[in-house]
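Here's a friendly walk through a protein that may be new to you. Take a look at the structure, and then we'll go through its parts one at a time.

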Amino acid sequence: MKQANQSEAVNQYMEKLDHPLKAEIERVRELILGSDSQITEHIKWNAPSFCYQGEDRVTFRLFPAVDSIQLIFHRGAKVKASTDFAFQDESGLLKWVAQDRATLIFHDMNEIEEKSTPFKIGRA
């Protein structure tokens, strides 16, 4: 389903994407964009990436794995000075790889639907 905050660059990227979990990637994209109208998207690290209020927050990591897709929750490309930042994660689903960087992995559509409920990307 086309959403107002989709970007043409990401639409073109998705049209050309050759990945066994392409339908799952599209579903996660739809969920993220649908969670808040202020979320925008672009291509970063050769994958769709999502911004909130102009700041990169969530980026797909699609390769090298082809049996799963990974979302990287982050604060942008550059390390920020604040040491008290963390994403709110009452669900416990995020795997913390640094103080301000976490990952979430999906293997199939059922897992996406199960794990997506707790997340509202873009909320403080």
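Start at the N terminus and follow the chain: the elements come in the order α-α-β-β-β-β-β-β-α. That gives three helices and six strands in the protein. Keep in mind that you're looking at a predicted model.

Now for the protein as a whole. It has 124 residues, and 46% of them are buried. Take the contacts between residues at least 6 apart in sequence: 52% of these join residues at least 24 apart.

Next, zoom in on two of the strands. Strand β5 covers residues 95–98, strand β6 covers residues 101–106, and the two pair in the antiparallel sense over three bridges. Together β5 and β6 make a hairpin, with two residues between them. If you want a spot to look for, find alanine 98, which sits opposite arginine 101 in β6.

Finally, turn to a pair of helices. How do you describe such a pair? Two packed helices are described by the angle between their axes and the distance between those axes. Here, helix α2 (residues 22–35) packs against helix α3 (residues 109–116) at an angle of about 15°, and their axes are 10 Å apart. Angles under 35 degrees count as roughly parallel, so α2 is roughly parallel to α3. The crossing of α2 past α3 is right-handed. And which residues meet there? From α2 it's Ala23, Glu24, Arg27, Val28 and Leu31, and they meet Met109, Ile112, Glu113 and Ser116 in α3.

How values were computed:
Residues numbered from 1 in each chain as written. Predicted model: local features only at pLDDT ≥ 70, side-chain atom pairs only at ≥ 80, totals over all residues. Heavy atoms only, no water. Helix = DSSP H or I, 4+ residues; strand = E, 2+ residues; numbered from the N terminus. Buried < 20%, exposed > 50% of the residue type's maximum accessible area, 1.4 Å probe, protein only. Contact = heavy atoms within 4.5 Å. Pairing = 2+ DSSP bridges. Axes fitted to C-alpha atoms, helices over the stretch in contact; angles between N-to-C directions. Parallel < 35°, antiparallel > 145°, perpendicular 65-115°, else oblique. Left-handed = near helix turned anticlockwise from the far one by under 90°.
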